[in-house]
Amino acid sequence: MANTILVGAQWGDEGKGKIIDYLTDKVDMVVRSQGGANAGHTVIIGKKQYILHLIPSGILRPRKKCVIGNGVVIDAPQLVKEMTGLERKGVRLKGRFFISDCAHLVLPYHKALDAARDVSKGKKAIGTTKRGIGPAYEDKVARCGIRMGDLMKPEYFEAKLRERVKVNNAVLKALGEKPLSFAKIHAECMKAARKLAPYVTNTVVLLHKALEKKASMLFEGAQGTFLDIDHGTYPFVTSSNATSGGACTGSGVAPSRIDKVLGVMKAYTTRVGGGPLPSASDDISDMLHNMGREFGATTGRPRRCGWFDAVAVRHAVMVNGIDDMAVTNLDGLDGLDKIKVCVAYKIDGKRTNYVPSDIDSFAKCEPVYRSFPGWQTPTDKITRYKDLPLNARKYLKALAELTGTRMSIVSVGPARDQTMVV
Ligand code: IMP
């Protein structure tokens, strides 16, 4: 397979983990390049369910190599927990899992600050995952972060950590929070460092050596386009570039080495956390929650749900350069009489075909809907595109036309065999 960047075309939770798992079969390496343990990829293989937050889900295919690139922020004890969990289930990591020495660490003060700050925002809260993502990226950009490579140098790490705990305890105190214990954080980090050391390396060199040998790569995006720090619905976003450019800066693999961008989108829309969602609908939210669907893999929070928003996805197609699209969760729409699709917005009565960059204007957007007839037969057991109900195929064709993309994969459930190539 060509070197491919996979991105979420909506607000995250598009079912990327499942598509990544499916595509991993066709590549040599899977690379993660942004975000941290705020992501949650669920993969079901046979009777086993795996929820991965940091480790690329490609790790579940025995012959594939997986890389956590420099752009990821890593909670070291969380990563160790995931590695140990996988090893207990019989997944081998040695020789096929690599961690960038330039990836920044998420430390307990980042998590404490993340929670304290978001709570203090009251109704304007972003609703972060409280995984310390924003504060860790703040330190990276402010050039006072601690990197994985630093964790491998005990004396340097101790001095740096001592200084950062002192600074951040003062901030926590000002926010009315309890100070954190340096000794406890240090001991936890040292324990994690012992487990991580054999896997930490210069992943830029590793990836380039692999490219020289013609290895094919899948860059797995976390979160989604509208959570991107630059192109999302700022400030209701995450703190990294979840769009395709982030795959290059976050791995050290240049754009000229990339052949294709694949977008993943749900057949409807969901969002967790704060911020506007023009096509939100109580009807579809209630229906999906009653089916036991659309609860966050990382936080367990119910996701807000809405009709498919073609205006938003068109924006995602622009900023990511999406060639092909994978549509997931089609089966979530089974049994509906009528399915709506948002084809334009109205702002103060004026129609627009674009996502406004200003959050207040975005909050004012009213959806302009087109209706499509639904299908009454379940789709979750269907394995060939041509066997889908006619109205389901018409719906998918309309989504491709409305977003200007080629529909290449359709998914009708979480399992590997519930995936069909168009
Ligand atoms: P943070 O990334 O924890 O700072 O959260 C910022 C916003 O992004 C919040 O609205 C989160 O709910 C959302 N978010 C972060 N990661 C994910 C994800 O993997 N899926 C969906 N939403 C996410």
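The crossing of α3 and α4 is right-handed, meaning that the near helix is turned clockwise from the far one by less than a right angle. This is a predicted model, where local features need pLDDT of at least 70 and side-chain atom pairs count only at pLDDT 80 or more, while totals for chains, interfaces and linings use all residues. Residues are numbered from 1 along each chain as its sequence is written, and side-chain values use heavy atoms, with hydrogens and water left out. Helices are DSSP runs of H or I with at least four residues, strands are runs of E with at least two, and both are numbered from the N terminus.

Two packed helices are described by the angle between their axes and the distance between the axes. For α3, residues 108-120, and α4, residues 133-141, the angle is about 120° and the axes are 7 Å apart. That makes α3 oblique to α4; the classes are roughly parallel under 35 degrees, roughly antiparallel over 145, roughly perpendicular from 65 to 115, and oblique for the rest. The axes are lines fitted to C-alpha atoms, for helices over the stretch in contact, and the angles run from 0 to 180 degrees between N-to-C directions.

Which residues meet? From α3, Tyr109, His110, Leu113, Asp114 and Arg117 meet Ile133, Pro135, Ala136, Glu138 and Asp139 of α4, with contact meaning heavy atoms within 4.5 Å. The residues of this contact divide into 5 nonpolar, 1 polar and 4 charged.

Now α3 by itself. Its 13 residues reach 18 Å from first C-alpha to last, close to the 18 Å expected, where the expected span is 1.5 Å times one less than the number of residues. Its buried residues are Tyr109, His110, Leu113, Asp114, Ala116 and Asp118; buried means under 20% relative accessible area, with a 1.4 Å probe and protein chains only. They pack against β8 (104-105), α4 and α6 (154-174). After α3 comes Gly122, with a positive phi near 55°.

Helix α13, residues 390-403, has 14 residues that should span 20 Å, and its end C-alpha atoms are 20 Å apart, which agrees. Buried residues of α13 include Tyr395, Leu396, Leu399 and Leu402. Gly404 follows α13, and its phi is positive, near 65°.

Last, a strand residue. Phe97 lies in β7, residues 97-100, and is buried, with a relative accessible area of 1%. Leaving out residues up to four places away in sequence, Phe97 touches Ile55, Pro56, Ile59, Cys66, Ile68, Leu79, Met83 and Tyr199. Met29 is 68 residues from Phe97 along the chain, and their C-alpha atoms are separated by 9.8 Å.

Methods
Nonpolar A, V, L, I, M, F, W, Y, C, P; charged D, E, K, R; others polar. Buried < 20%, exposed > 50% of the residue type's maximum accessible area, 1.4 Å probe, protein only.
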